[in-house]
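Please open the model in the viewer and keep the selection tool at hand.

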Amino acid sequence: MAVLPSVAVVILNWNGRSFLEKFLPSVCSSTYGNLQLYVADNASTDDSVAFVRAHFPEVKIIQNPANDGFAGGYNMALQHVKADIYVLLNQDVEVEPGWIEPVVAQMMADDSIAACQPKLRFYDKKTEFEYAGAAGGWMDILGYTFCRGRILYTTEEDKGQYDDAQDIFWATGAALFIRSACFHEVNGFDADFFAHMEEVDLCWRLKRAGYRICYCPESVVYHVGGGSLPQGNPRKLYLNFRNNLMMLWKNLHPADRWIILFQRFFLDLLAAVKSLVAGKPKDMQAIFRAYRDYARWRTKYQFSKDRLPQKRLLEMTGVFHGIMIWRYYFLNRKTFGTLEK
């Protein structure tokens, strides 16, 4: 590339002083030649902002007036960032010096690539894929999300089995490279999501607009995960269930919407019963609250604000033509490579 596109790494922070102290030095060591670094603060009550100003003067600070979550926080912060490519990076991610170059090169080779993600490995076990993105996000025919290298809570060791660059359905929000023009073309994240699934919804809308979402194995980052909400937290379960339903209602083709949501209702009801039997009544309550608030959201959501082309789910890349949870629980297929056998 004769002229390097401008890249802005934007780290959304909320009370993350310890993460910034630990991981921001690796980001500041990035070797990309046309780079800006930002910390966008979501009204933290700790000394995050003062710490960054004192120890990382090269990093620009954006202060949001309130904590509007991942979705609203980034929407607000990115209004103040000018760059060809945004890199939305979680505060609990460690990077290597040359992590930006291969992803940008892959994106610049094809204008139809709107977003791309690096390979995500687990910070505490660096040979293992990490839950939030692994080697690229996929979706099954009922809207359940998973990754190459991670099915539900089963993660694989990285043995080079996913070292091929390929189209995926969604790119992780933990380290999301996205063209700024594409981000704004589809109006950014849906702020109603607050947190969780917002990047899947964004990528789905980008695919409906005709863009590609890709995975770049030459770039590797290391994610702690669960910095704000750990696995098993009922609040996290609530957001995942509610936001997944909202995403399906918004993006599914009308010919598919009701039959898929009908099946999901019974499977989610089964999940709620399973939680109760397992002695986790708070998880069951979280699922019921998710359905209640999804129904409330439906009463105010207007399709007229979404004018993107309507596309069938099975026509898109990164979609598994089967039911992932059936094969995981009943056929004991715990890895991406065994799903289709």
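Does threonine 338 count as buried, partly exposed or exposed? The model is a predicted one, in which local features need pLDDT of at least 70, side-chain atom pairs count only at pLDDT 80 or more, and totals for chains, interfaces and linings use all residues. Residues are numbered from 1 along each chain as its sequence is written, and side-chain values use heavy atoms, with hydrogens and water left out.

**Threonine 338.** Select threonine 338 in the segment after helix H10 (324–329); helices (H or I, at least four residues) and strands (E, at least two) are DSSP runs numbered from the N terminus. Threonine 338 counts as partly exposed because its relative accessibility is 23%; under 20% relative accessible area is buried, over 50% exposed, and in between partly exposed (1.4 Å probe, protein chains only).

**Threonine 145.** Next, select threonine 145 in strand S9 (residues 145–147). With 14% relative accessibility, threonine 145 counts as buried. Leaving aside residues up to four places away in sequence, threonine 145 touches Trp138, Met139, Arg150, Trp170, Met197, Val200 and Met324, where contact means heavy atoms within 4.5 Å.

**Helices H6 and H7.** Val200 also belongs to the contact of H6 with H7. Select H6 (residues 198–208) and H7 (residues 234–251), which pack at an angle of about 10° with their axes 10 Å apart; axes are lines fitted to C-alpha atoms over the stretch in contact, and angles run from 0 to 180 degrees between N-to-C directions. H6 is therefore roughly parallel to H7, a term for angles under 35 degrees. On the H6 side, show Val200, Asp201, Trp204, Arg205 and Arg208, which meet Met247, Leu248, Lys250 and Asn251 in H7. These contact residues comprise four nonpolar, one polar and four charged; Ala, Val, Leu, Ile, Met, Phe, Trp, Tyr, Cys and Pro count as nonpolar, Asp, Glu, Lys and Arg as charged, and the others, Gly among them, as polar.

**The largest cavity.** Finally, select Ile11, Leu20, Phe23, Leu24, Val27, Asn90, Gln91 and Val93, the lining of the largest cavity. A cavity is a set of points on a 1 Å grid over the protein atoms alone where a 1.4 Å probe fits but cannot get out, and lining residues have an atom within 4 Å of a point. Helix H1 (residues 17–28) gives the most to this lining, with four residues. By class, the lining holds six nonpolar, two polar and no charged residues.

Conventions. Angles under 35 degrees count as roughly parallel, over 145 as roughly antiparallel, 65 to 115 as roughly perpendicular and the rest as oblique. On a 1 Å grid over the protein atoms alone, a cavity is a set of points where a 1.4 Å probe fits but cannot get out, and a pocket is an open set with protein on both sides within 12 Å along at least five of seven lines; lining residues have an atom within 4 Å of a point.
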